[in-house]
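Subject: Structure for you to look at

Hello,

Here is the structure I promised to hand over. My notes follow below it.

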Amino acid sequence: MLKRTRSQRRADSAKHSKVENSVHTFELGTGATESPFRLPLREKKNRSGCLHCVESTCCCRWFDAALTKCYASLPIQRKVESGSRRELCAKSILPEFVSRLVRITGMDANVPFFDFGCGNGSVLFQVAFMTGAPCVGIEIHPRNAQVAREAWDALRPALERQGGRKLHVEIICGDFCQLLQEEPFLRSFLSRPSVVWAANLLLPRPTNHFLSERFRSVPQGTKILCFEDLYPHARSLARIRDPDAFEKFEMSDFVWQPDSVEWSRDEGKFYMYSRK
Ligand SMILES: C[S@@+](CC[C@H](N)C(=O)[O-])C[C@H]1O[C@@H](n2cnc3c(N)ncnc32)[C@H](O)[C@@H]1O
Ligand SMILES: [Zn+2]
């Protein structure tokens, strides 16, 4: 076996600790369109029974069971589909996906989290529990906003007990396009850097366009994550078409893991835009 010199070992160790400190620890790829960040499933489940997380323990399976039990116990149930209005489809990303969002954004208690289109609130609850961040969800469907509120009332005591801290979740029933034009909401949304999640897969094109324009004014350090590319950047022409987006945002491409969204067992793409 080859013996490693002391300087080789020191270089390896420095390299290792650098990787350990990186936001994308364990993610493969560069985040460029042709090499999106990808997190392969583990070969064996971790100690908490999760195949998706890199940590040896995590809250995904426990959280999933707590959510299932909570929603089943409510007197009101989520409406998943609303006729032909695809944008009102209220299916969720799964706890394994939320854990990854927390990991890649480095969210903590000091950075507010916004879920634009929060459905039954599951993402908010897990982010609040894992990070202690103040979480705000906006949901246009009154029934689903009500489900989210009731679920939070039911879950909150157990989550606060388990985490040993007070948690803050607010659910606003309304249209986020409308809110993004109202002074009081904008004042708080734009007052400091935040993390924004928008599961914008089924939104009408004008809505995504509106979001992409509004999000240009978020404070430096804000991270926006979504499914539908808000600032198309795959082709070389994109930089010429929309130079402002490239000046304002660091753009990273990701692949979501299999079995991490409610509507598909497959992988798919999502994006993170970090305001420079
Ligand atoms: C696919 S669900 C996502 C739920 C959750 N955020 C998640 O990622 O698991 C999208 C939600 O956005 C809501 N929605 C769609 N357009 C909206 C709008 N203009 N304002 C607020 N909510 C909206 C829908 O009613 C639906 O509940
Ligand atoms: Zn996990």
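Which residue in β8 does cysteine 226 stand opposite? Cysteine 226 stands opposite tyrosine 271.

First, the ground rules. This is a predicted model, in which local features need pLDDT of at least 70 and side-chain atom pairs count only at pLDDT 80 or more, while totals for chains, interfaces and linings use all residues. Residues are numbered from 1 along each chain as its sequence is written, and chains are lettered from A and ligands numbered from 1 in the order in which they are written.

Now the sheet. Strands pair if DSSP finds at least two bridges between them. Strands β6 (residues 223-226) and β8 (residues 268-275) run antiparallel, joined by four bridges.

Next, ligand 1. There are 23 residues around ligand 1 (C-beta atom, placed from the backbone, within 6 Å). Ser92, Gly117, Gly119, Ile140 and Ala199 come nearest. α4 (122-131), β3 (135-139) and α6 (176-179) each supply at least two residues of the shell.

Cys60, Phe63 and Asp64 of α2 meet Pro95, Glu96 and Ser99 of α3.

Best wishes

Technical notes:
Contact = placed C-beta atoms within 7 Å.
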